[in-house]
Amino acid sequence: MTYLDYAATTPVDKRVLESMLPYFSEHFGNANSLYQVGRDAYHALEAARETIASGIGAARPSEIIFTSGGTEADNAAFVSVLKRIAPDGGHLITSAYEHPGILNLVISLGKQGYDITLVQPREDGLIHADDLAKAMREDTKIVSIMHGNNEIGTVNDVKTLAEIAHSRGALFHTDAVQSLGKVPFNVQDLGVDMASFSAHKIYGPKGVGALYLRRGISFDSFLKGGGQEGRRRSGTQNVAGAIGFAKALELCLEEMDAEALRLSVLRNHIVNRVTSALENTQATVSGDMLLPGIASLLINGVEGESMLLQLDNQGYAISTGSACSSGSLDPSHVLLAVGVKKEIAHGSLRVSLGRFTTEEDVDGFVDALIPIVEKLRAMSPVYQRYFGKESS
Amino acid sequence: MIYSDKVMDHFNNPRNVGVIEGADGVGEVGNISCGDIMKISIKVDDNDVIEDAKFQTLGCGAAIATSSIVTELIKGKKLEDAVKLSKQDVADELGGLPSAKMHCSVLATDGLKVAVDDYLAKQGREPISGEIKSADPNFDPHEEDDHHDKDDY
């Protein structure tokens, strides 16, 4: 199997796994217990917190709250903060191409009485400062704009967007789940108040993530219980998970520059080979503001799920923004938001590369893709009608 | 959302792909913005029996697999029996389909009805298939969507 869906999840790096193993059966203590085995767990948990805090440029380790993942961090950033700063309503802004962890959360808050505005990305796949500025209101409470987009790979200028939010008195949150460890991300440089992270996107375990919560932001946890994580996230901490997360981040940061260069070369190689070998294909977005490992391709006149299944038959795991694969009727909301027409979005592929991807993998993928596209186009009753230059 | 082995067999090895030259009836249904379009051509003998059927489909695994099996199921059938084939019959033959696939991806039964009525019209006979929603190029399966509640996350 050749795994090319690193934006969906990543395998746990063996070095990460090694770091976690002692904390399952040997140092198994509850980090909140006072005796030795508990203290061992506590110290390891706090060391992990320090590693993550320093890895994202936080001023204090206490600004890191461990969660069950990115979605919980997103929910905490809105629900637990709004409980304090705007329990009776107010205006919230996010973008139309957020991950569902934010998008559906904000839409749900809209149904609960908050006013919401969804800023549209432009065709370059980015949220523009002007568009956010126009959406801002006097009563805007929280603005959440993602750092790196999980489907098309664009990276927003979060620093400028955060300044706009702050200039109107709103808090700024960013979903940094896809960008952490892939491109530079520093909460103080970027000026964000809150940020969400997930370990399993960076070769750490599933089921652990974190919320960065800048000191001084009012927060009343939506999870009630034993008051762990400084009363901000009740529940016995996932010590092994936190340790794995910290180790995973440490490794990503050590290897980031070289890895970003290596993956962007492979990404460009895929885009160049596919678009030159197959007519009516293109990269969804281009430019410099891209995550290194995500290639988003539009293969006109072929439905994405059928490409996915045929590639799977040959051992390649990729994803698509077609409606059929998502179990909904509409293709990817991200592609539609950046102006891709529905009939084109149905033929989108996301190929995402990572630490264990080789040049042979990406060449093998393109070699497999080309005849699959040709075969499916030949099976289509309308390919020539919509996209053909002449009958074949 | 997992496909049955039989769906995967028909998707990977689709039967009767192509166009019948000089077909007696042709039907095309679907909508490119929905991502699924299916075209079927049939050859009919003097006794109203379907002798041959071929299809072309743009669409997902379910759209291709259902097209393939419909061409198998209708060969040798009388027109009046063939048009009675329902989406549920097709799904049952394939060992079931995910519910989200039932109403937007099972185009072949409608495509067949259009092809049968096309054949009858050419002969100056009355259509027998009734209303065929997906034959309308403006048909939008979203309007009859009952599976996807946006709150179900």
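1. Let me start with burial in chain A. In this predicted model, buried residues account for 53% of the 392 residues of chain A.

2. On the overall fold, chain A has 16 helices and 13 strands. Its radius of gyration is 22 Å, close to the 21 Å from the globule rule for 392 residues, so chain A is as compact as a globular protein of that length. Along the principal axes, the C-alpha atoms of chain A fill a box of roughly 75 × 50 × 35 Å.

3. The contact pattern of chain A is worth a look too. Taking contacts with a separation of 6 or more, 71% of those in chain A join residues 24 or more positions apart.

4. One helix to pick out in chain A is α11, residues 304-313. Eight of its 10 residues are buried, so α11(A) is largely enclosed by the rest of the structure. The buried residues of α11(A) are A:G304, A:E305, A:S306, A:M307, A:L308, A:L309, A:Q310 and A:L311. If you follow the chain just past α11(A), you will come to A:G315, which takes a positive phi of about 90°.

5. Next, the contact between the two chains. Chain A contributes 21 residues to it and chain B contributes 24 residues. On the chain B side, the elements giving two or more residues are α1 (5-12), β2 (36-44), β3 (50-58), α2 (61-74) and α5 (99-105). Which element of chain B gives the most to the side that touches chain A? That is β3(B), with three residues. By residue type, the chain B side divides into 12 nonpolar, nine polar and three charged.

6. Finally, a helix pair within chain B. The axes of α2(B) and α6(B), the latter spanning residues 108-122, are 9 Å apart, and the two helices pack at an angle of about 50°. From α2(B), the contact uses B:T66, B:S67, B:V70 and B:I74, while α6(B) brings B:A108, B:T109 and B:L112. The residues of this contact divide into four nonpolar, three polar and no charged.

Key:
Residues numbered from 1 in each chain as written. Chains lettered and ligands numbered in written order. Predicted model: local features only at pLDDT ≥ 70, side-chain atom pairs only at ≥ 80, totals over all residues. Helix = DSSP H or I, 4+ residues; strand = E, 2+ residues; numbered from the N terminus. Rg over C-alpha atoms; globule rule 2.2 N^0.38 Å. Buried ≥ 20, exposed ≤ 12 C-beta atoms within 10 Å, placed from the backbone. Contact = placed C-beta atoms within 7 Å. Nonpolar A, V, L, I, M, F, W, Y, C, P; charged D, E, K, R; others polar. Axes fitted to C-alpha atoms, helices over the stretch in contact; angles between N-to-C directions.
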